[in-house]
Amino acid sequence: MTTWMLRRLIQAAFVMLVMTVIVFIGVNVIGDPVEILISPEADQAERARAVAALGLDKPLWEQYWRFLSGALQGDLGRSFVFNEPALKLIAQRMPATLELAITAVLLSVILGIPLGLYAGLRPNSIGGRAIMGASILGFSLPTFWVGLMLIMVFAVQLGWLPSTGRGPTRELFGVQWSFLTWDGLRHMAMPALNLALGNIALVLRLTRAGVRENLPMDYVKFARAKGISPNRVVFVHVLKNILIPIVTVVGLEIGGLIAFAVVTESVFAWPGMGKLIIDSINVLDRPVIVAYLMMIVLLFVVINLIVDLLYTVLDPRVRLETKE
Amino acid sequence: MVAGRHAPRGVQGVRMGIRHWGAALLAGAMAAWTPAGAQTLTLAVAAAPTSVDPHYHNLGPNNALAMHIFGALVDTDAAAKPRPGLALSWRAVDDTTWEFKLRPGVTFHDGAAFTAEDVAYTIARVPTVKNSPGSFLLFTRSITGVQVVDPLTVRMTTRGVTPLLPVDLTQVHILPKGLGAEPATEDFNALKHANGAGPFRITAWRASDRAELARNDAYWGPKPHWERVVYRMIPNDSARTSALLAGDVDLIEAVPTQDLVKLRTDKRVAMAEAVSLRVAYLMLDLSRKDGQPFVQGPNGETLTTNPFQDVRVRRALSLAINRQLIVDRVMEGAAVPTGQFLAPGSFSYVADLEPPKQDLVEARRLLAEAGYPNGFRITLHGPNDRYVNDEKIIQAVGQMWSRAGIQTKVEAITWPSFIGRASKQEFSAFFAAWGITSGEASNPLRAMVATFDAQKGTGSANRSRYSNAALDAVIDRASSITDDAARERALIEATRQAMADVALITLYQQKNIWGMKPNLRYVARADEATRAADVSVAP
């Protein structure tokens, strides 16, 4: 177990190192940040000053070396745009994205699993068919379009919900959250639903497939024959068996939701990390892009680790393997 | 009804928080909301300011926000002409000295009186800002000395004749000397140093999201109607329009052209528009003498000449364009066709220089005369995420050129990649736009028409590398005349020559369009700034 963990961590460090090289070279190829940041009317002397101020007059390897030695001391550089530490910028926007992503994941589990169970247990009922039909829409409609439609209907036409923005926040553990106030929840409703839609459909379909696959199996028949109540068969025996793929997918999706909620955050003007990264890419704010991607790599590594650990809890066979 | 929607905590709490916890807890302290009140204005801007520090990043959105909080010696009116700001009057004492008489009785937000010392402090502070990606040095570099004559008189000596110094100073916001040596940008963003003499105080700042402003009751000018302003940043076009239609915001800037037709007839929305200082243009590469990377002969053969070196070809390309059609169909009326840099009414506008009318016969004749009877093939480049309808504009131009016998392909690419390549002369022809912040012709002439010369600082945006020594001399002379009337005459002459030689092809001036609730009025501005103080309630 310890060697396994250690190996994973070394892999993670290597992945992050490779990531920095790729991003550094990649961003350098896209274009020149000074061209984008500087006022168009700046003359040549001012341009040269800005290049030097941002440290871009140095050769690429030297810039990279400086970054790397800074990173080892926990300093991922300062944003070209905001003149603040890149990590601080990301940390400022993280709560907004986290609460959105976690709400979306909760929605997809709370709605997806029961609906999937229903569709799996009653595949030929009208309800079951309707759920499956709707789920196709759930993952095939583009997020930005659904977002705009939600705004058109619930904000512009009906006026029930605010159209964009994060709304009021309240402090908890020194961080500002908007799920603690009613108005904050109203602001969160549409973006969270929009973000969750695809995942609800995904979880729903996975659950249904799992149920359909497991119901004819011997252990279900045996449990029934033993006289265990149908509820216990479904919610304890079957559910436990189908949870493995669902946990894997939900785990990966959490990462995806946190890292790439870009579209939803843009449409709803939600001040989260996704918006930060897309804005940073647009102006080639190199330190922020690099810091952000490194953090995302770390995030995925950690989530995968947690998912692997969850397997051992859920599936005794995995537990046995790791013991050996 | 113009009420804030959100009502929880008071602004007082924010300031307390910041005082106690400082910058470290900034993220935490910034989230208090504006109390509901009849005099709260919520507006949405299209581009986010990057800092509260008025000298950190020379960028339109930053300067627009700074206008609310700080204030410069010289202000500009809605038509972008200079008018008294913190200075009451100014005059050129001699060729290299300007004297400014300051407004008496002005105080900063902290109560300190505004004097000539603050002006000297500000000019000295500009070059000390660290890590600036776009410095305001651009506007103060010509100043060699600042002399405080008395508390309300300040003299500036300049390197060479600098007739535009008052115009340059419209961008330089005055800070109180009480901020001490080299105040840090981060401390402005933490609102510790955000102390100016503007109509509003800033009470909260959340980068890329919102700023909150409270009226400065001691302001020297007309008192703004709004006690509080929520200054939201919504760059996404459709999100901005929906926020207005849903009533979440009271006023938006940069109404997207695709919504114009709908909104103009919508009773829930009032509009205000003004012709802007942003001129859209095409540039043709003149850096090469032989051949072009994106131009081939009519049958795809390689050319050994650069057709654009011939003024007849440049003129033909200009005549092939139907500017009115582009304005009506692509821009939905949110622009005016032009054949020069500025719109009517501006300083140095050339009254008798009409926008060229489309004339395909003449265009073909000119091409044949220049030795291209069968035209040529060309790729026209442009950005696809920078200017209003940029991609559609190049498609329209491409079709018009094709009708004149020039087989045109268009290629739109993302701005970060586009601008770098354009600056390296990688394109044969490209579309872009230029915001004339000074509101007069010397700015585009020096930047885009004058020969590229790093020593002189001219031609910094002359990406076509057009070079005409005779015209350079006219531009140089025009930009060093102190007398306004004489300078305007010289600039008109220079503009006329540049357009006759088709140094670049100007297409149209964009319009700035604001949308707001029907009970509001806004004084539409030629610069793109949204000023909360200029928003009023209809009588």
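The model is predicted, so local features need pLDDT of at least 70 and side-chain atom pairs count only at pLDDT 80 or more, while totals for chains, interfaces and linings use all residues. Residues are numbered from 1 along each chain as its sequence is written, chains are lettered from A and ligands numbered from 1 in the order in which they are written, and side-chain values use heavy atoms, with hydrogens and water left out.

## Chain A at a glance

Let us start with chain A. Its C-alpha atoms fill a box of roughly 85 × 60 × 35 Å along the principal axes. Chain A holds 14 helices and 2 strands; helices (H or I, at least four residues) and strands (E, at least two) are DSSP runs, numbered from the N terminus. Of its 324 residues, 48% count as buried. Here buried means under 20% relative accessible area, exposed means over 50%, and partly exposed lies in between (1.4 Å probe, protein chains only). Among the contacts in chain A with a separation of 6 or more, 71% join residues 24 or more positions apart; a contact means heavy atoms within 4.5 Å.

## Two domains in chain A

Chain A is divided into domain 1 (2-72) and domain 2 (93-323), with bounds that come from an automatic or database domain assignment. The C-alpha centres of these two domains of chain A lie 33 Å apart. Domain 1 of chain A brings 22 residues to the contact and domain 2 of chain A brings 15 residues.

How much area do domain 1 of chain A and domain 2 of chain A bury between them? The answer is about 1800 Å², 82% of it on carbon and sulfur atoms. Buried area is the accessible area (1.4 Å probe) that two parts lose on being put together, summed over both. Arg8(A), Met16(A) and Val27(A) supply 29% of the area that domain 1 of chain A buries against domain 2 of chain A, more than any other three residues.

Between these domains of chain A the rule finds 0 salt bridges, a salt bridge being a side-chain nitrogen of Lys or Arg within 4 Å of a carboxyl oxygen of Asp or Glu. There is 1 residue pair in polar contact (both at pLDDT 80 or more) between them. A polar contact is a pair of N or O atoms within 3.5 Å; within protein, one must be able to donate a hydrogen and the other to accept it, and residues adjacent in sequence count only if both atoms are side-chain atoms.

On the side of domain 1 of chain A that touches domain 2 of chain A, two or more residues each come from helix H1 (2-30), helix H2 (33-37) and helix H4 (60-72) of chain A. H1(A) gives the largest share, 13 residues. By class, this side of domain 1 of chain A has 16 nonpolar, 4 polar and 2 charged residues. Ala, Val, Leu, Ile, Met, Phe, Trp, Tyr, Cys and Pro count as nonpolar, Asp, Glu, Lys and Arg as charged, and the others, Gly among them, as polar.

## Two domains in chain B

Chain B is divided into domain 1 (9-28 + 47-192) and domain 2 (277-511). Their C-alpha centres are separated by 35 Å, and the contact takes 9 residues from domain 1 of chain B and 12 residues from domain 2 of chain B. The area buried between these domains of chain B is about 800 Å², with 63% from carbon and sulfur atoms. Ala80(B), Pro163(B) and Leu164(B) supply 48% of what domain 1 of chain B buries against domain 2 of chain B, more than any other three residues. The count of salt bridges between these domains of chain B is 0.

## Where the chains meet

Chain B gives 61 residues to its contact with chain A, and chain A gives 56 residues. They bury about 4600 Å² between them, of which carbon and sulfur atoms give 50%. The chains share 4 salt bridges and 20 residue pairs in polar contact (both at pLDDT 80 or more). On the chain B side, H14(B) gives the largest share, 6 residues.

## Salt bridges

The whole structure has 38 salt bridges over all chains. Here are some of them.

| Residues | N to O distance |
|---|---|
| Lys88(A) and Glu186(B) | 3.6 Å |
| Arg83(B) and Asp75(B) | 3.0 Å |
| Arg525(B) and Asp527(B) | 2.8 Å |
| Asp534(B) and Arg525(B) | 3.8 Å |

Arg83(B) is partly exposed at 33% relative accessibility, whereas Asp75(B) is buried at 15%. Arg525(B) is buried, with a relative accessible area of 1%.
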